[in-house]
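Welcome, and please take a moment to look over the model before reading on. The paragraphs below lead you through it one place at a time.

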Amino acid sequence: MQPTDIANPDYFHKVVDCQWACPAHTPVPEYIRLIAAGRNADAYMVNWKSNVFPGILGRTCDRPCEPACRRGRIEAEPVAICRLKRVAADNKGDVSGLMPAKTTVGNDRRVAFVGAGPASLSVVRDLVPLGYSCTIYDSDPKAGGMIRSQIPRFRLPEQVIDEEVGYILGMGNIELRLGQRVDSLKSLIDEGYDAIFVGSGAPRGRDLDIPGRKEAAANIHIGIDWLSSVSFGHIEKIGKRVIVLGGGNTAMDCCRSSKRLGGEEVTVVVRSGFGEMKASPWEKEDAQHEGIPIKNFLVPKAFIHEGGRLKAMSFDKVEAKIDAKGRRELVPTGEPEVMIECDDVLVAIGQENSFPWIERDIGMEFDRWGMPKVDPKTLQSTIPNVFFGGDAAFGPKNIIWAVAHGHDAAISIDKFLNGEDLSVRPPPGVQVSSQKMGIHEWSYDNDISAAIRNKVPWRDLGTTLKDIKVEVEMGFDLKLAYSETQRCLNCDIQTVFARNLCIECDACVDICPVDCLTFTENGEEDDLRGRLTQPARNRTQDLYLSDVLKTGRIMAKDEDVCLHCGLCAERCPTGAWDMQKFLIEMTHAGTACRSR
Amino acid sequence: MSYLPKPKFRHPDLPKNALGYTRRDYEGSVSTLCAGCGHDSISAAIIQACYELDIEPHRLAKLSGIGCSSKTPTYFLGQSHGFNSVHGRMPSVLTGANLANRDLIYLGVSGDGDSASIGLGQFAHSIRRGVNMVYIVENNGVYGLTKGQFSATADAGSKSKWGADNNDSPIDMVGLALQLGATYVARSFSGDKHQLVPLIKGAIRHSGAAFIDCISPCVAFNNHAGSTKSFDYVREHNEAVNALDYMPVRSEITTDYAPGAVEEVTQHDGSVLKLRKLAPDYDPHDRIAALTYLQKKNAEGEIATGLLYIDPEPKDLHAHLNTIETPLNHLGDADLVPGAAALEKFNAARR
């Protein structure tokens, strides 16, 4: 194998599993250390710069970082990264002085935004300080998009939305056109904007066309529309017996909201198995904690109604079988149908994009699924000055993806309006600094806590089920938060090897608590992985290889379960190992990302 | 020089031995020796050997004297018995312990200062009595704890870190052990665990006086140009006479050995040492030839390593004294005090 090129920023970035997994590449260990140091405002700003909505995401993020967290590979559970983000937001105090100064001078360029959700707001956040005038259209009466309309208040209090949306809208040079739906892209283009960003989300909830749907329509609701009506106070009550169809996060929000609006017997029904549900495990747990049963392997058959009134739903019982081609399919068991009585049904079986407002004759190309053709890197559509992001670009994802799209689209728009090649993307900003303070002193805390993951305290059910606006999770207090920060392995503090200094004394190999290190003969990857002190079976994790040493061997480090404890560097008599902080930040729109 | 204890986290796939222990269960406290010390590698090799041999930690006693090397038993086998004795007196304490309880495994850990200077006489007598033990000398050629003066094993002509020449003749511990009748004699290098671990395993399973001279570079005071105990010098001049594979029991010779290249030595306990010859015609059963070979290599400036001599059927101290199989410390008053009648009978036989 070739020696590792650590000058390539991707190499060490991948070692920081959480940051690599985050679509916006938030420097997670960096802000966790700031929280541990009590610097919550600074931790908040590291987040704000990268993911724009720390308080919102600290409660609602899909957390792609957590399954990636290295801690989850050395013990049972990853660091509660998302919950720590919330700690920074809850305890930051007044950060208005740390925010970018209000823009007063414009650059005469006008950008229009369709939708005031997370994708659009992220683009606005990046473009306003550069002088662009931003005009945001949204059919809702308040800005925030799905953050405001679809996430129930008991998960995300309104003041958190107001605050973080407010930081952006207060930057100046923004015109808000709320309550104004864009019905025609053509007429928007005709208004002469220099660029248009479409961040209109995936606003259409899927319907269920089975017998009885029309007759009982009055008591059958589309999940996301119903959540939105609840959010804006148009709906305040639901029947006593509620069925929620679907196994995603929207279904979980629907059932928990129902429970708070008068639903006494709320049941979630899913077609497939409990394990196959799309909802995040913690959201399923939250629903079950509130006494909501989840019934699985039931396929909706009909809405049963009497005199125009919904009475019940019937379901076919199915089981999962693997067919001859190895595909999993749901096969009826032949048992009698299952009947569940109900007063209301919420249909939360998925959502999709819908672009009836984009004319098909204005030069925009669509694919065969009716989605506009969008470049995944630049987010540019086939109309050069129209860009897409968030759920509107590639179908339903989540907030953090919308933010990541927002940053990328902002770079593209800025480059486009400065006559630059959009395909040339700015490299990330990287800082590498040794953490050595003395013979055995580091400027990071390398004493790893053995504590297991801390649980977030819940407010008691008696209170939360009575009022839909009472937040269920109370967040970590500072003591719990500190304990949780100490579980972080500081994966951004990299083990950096200097081949010319190594005397091959084996001290690092002997001290390594997790047997990451080997001095051995080079070979092909499969062979080499099998020959290490502890065979490197996790192929998703790289091997860090040195060039040939004095004895003809190489140093091979399996990055998989390295604790970043720094003992190899402490034990090294010649300083061939050093612990160096690798801080990588994505470059956002601005002069730094332009090539001239 | 860590202030922090080694984290308890271990590799999730770390294998377990027959007793259900991982290698990490055989560790001790974190070392306070200088970073990079060869002695720490020897500790790691002992840990590895005991783990692989499925040794119950409470069935082993580690004994040492004074010096850097004699500090090391704290850093391995934290669950075993330990005795840190007076300078140079480890062999006597070990001999006494072995007499009292012959059932334990005895591991004497010493250095060139502890065994070749102040404790030379003690070393010599424990070897010539054939005490059933593993005696490891962690040999770095200098007094590390007192800042690097030459020890008695420093080669004539080698230079100190400060530039002084050593003009005294060295004591060759391996040569002494061979002359004094050790029945398992090896030399190895702390920087080569592939060689060292099997040698320690073979020594632990040897039922007589097993001696290992392990060259262990002192990174603080004896790892410079002009030293003959530095990493670079030892790597350049290391001439292994054989490579050892330790097998718990006799098994088929696998095909990756050329015919005739492997000799099997079955030890008293049934364990098998597979010796792959590296030096042609070297016979590890010929004590006199071994001595000659070592002298010759020494004169050439080379360091002969490997299993240098073995007697697979050794006689130990207990055999010489004809003691009973039961450890003496297990005997009760009834066994130890036969009574006046027995005394009378004994005395009568002497009249």
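**A walk through the two chains**

Asp281(B) is exposed, because 8 other C-beta atoms lie within 10 Å. Here a residue is called buried if 20 or more other C-beta atoms lie within 10 Å of its own, exposed if 12 or fewer, and partly exposed in between, with C-beta atoms placed from the backbone. You can find Asp281(B) in the loop between strand S12 (272-277) and helix H9 (287-299) of chain B. Helices (H or I, at least four residues) and strands (E, at least two) are DSSP runs, numbered from the N terminus.

Before going further, please note that this is a predicted model, in which local features need pLDDT of at least 70, side-chain atom pairs count only at pLDDT 80 or more, and totals for chains, interfaces and linings use all residues. Residues are numbered from 1 along each chain as its sequence is written, while chains are lettered from A and ligands numbered from 1 in the order in which they are written.

Asp281(B) has a positive phi of about 70°, although it is not a glycine. Most residues other than glycine have a negative phi. Lys147(B), also not a glycine, has a positive phi too, near 80°. Look for Lys147(B) in the loop between strand S5 (142-143) and strand S6 (149-150) of chain B. With 11 C-beta neighbours inside 10 Å, Lys147(B) counts as exposed.

Now let us see where the chains meet. The contact takes 24 residues from chain B and 30 residues from chain A; two residues are in contact if their C-beta atoms, placed from the backbone, lie within 7 Å. On the side of chain B that touches chain A, the elements giving two or more residues are helix H1 (38-52) and helix H8 (231-237) of chain B. H1(B) gives the most to this side, with 4 residues. By class, the residues on this side of chain B are 12 nonpolar, 6 polar and 6 charged. In this grouping, Ala, Val, Leu, Ile, Met, Phe, Trp, Tyr, Cys and Pro count as nonpolar, Asp, Glu, Lys and Arg as charged, and the others, Gly among them, as polar.

Move over to chain A and find helix H8 (residues 81-90). Because 9 of its 10 residues are buried, H8(A) is largely enclosed by the rest of the structure. Among the buried residues of H8(A) are Ile81(A), Arg83(A), Leu84(A) and Val87(A). What covers them includes helix H3 (28-36), helix H4 (40-51) and helix H19 (478-485) of chain A.

Take H19(A) from that cover. Two packed helices are described by the angle between their axes and the distance between the axes. H8(A) and H19(A) pack at an angle of about 135°, with their axes 10 Å apart; axes are lines fitted to C-alpha atoms, for helices over the stretch in contact, and angles run from 0 to 180 degrees between N-to-C directions. That makes H8(A) oblique to H19(A), where angles under 35 degrees count as roughly parallel, over 145 as roughly antiparallel, 65 to 115 as roughly perpendicular and the rest as oblique. Arg83(A), Leu84(A) and Val87(A) in H8(A) meet Ala481(A), Glu484(A) and Thr485(A) in H19(A). This contact divides into 3 nonpolar, 1 polar and 2 charged residues.

H3(A) and H4(A), also part of the cover, meet each other as well. Their axes come within 7 Å and cross at roughly 165°, so H3(A) and H4(A) are roughly antiparallel to each other. On the H3(A) side the contact involves Glu30(A), Tyr31(A), Leu34(A) and Ile35(A), and on the H4(A) side Asn40(A), Asp42(A), Ala43(A), Val46(A) and Asn47(A). By class, these residues are 5 nonpolar, 2 polar and 2 charged.

Pro29(A) counts as buried, with 24 C-beta neighbours inside 10 Å. Leaving aside neighbours within four places in sequence, Pro29(A) is in contact with Val16(A), Cys488(A), Asn490(A), Cys491(A) and Asp492(A).

Finally, step back to the domains. Chain A is divided into domain 1 (110-203 + 353-417) and domain 2 (205-349), with bounds that come from an automatic or database domain assignment. Their centres, taken over C-alpha atoms, are separated by 31 Å. In the contact between them, 7 residues of domain 1 of chain A touch 10 residues of domain 2 of chain A.
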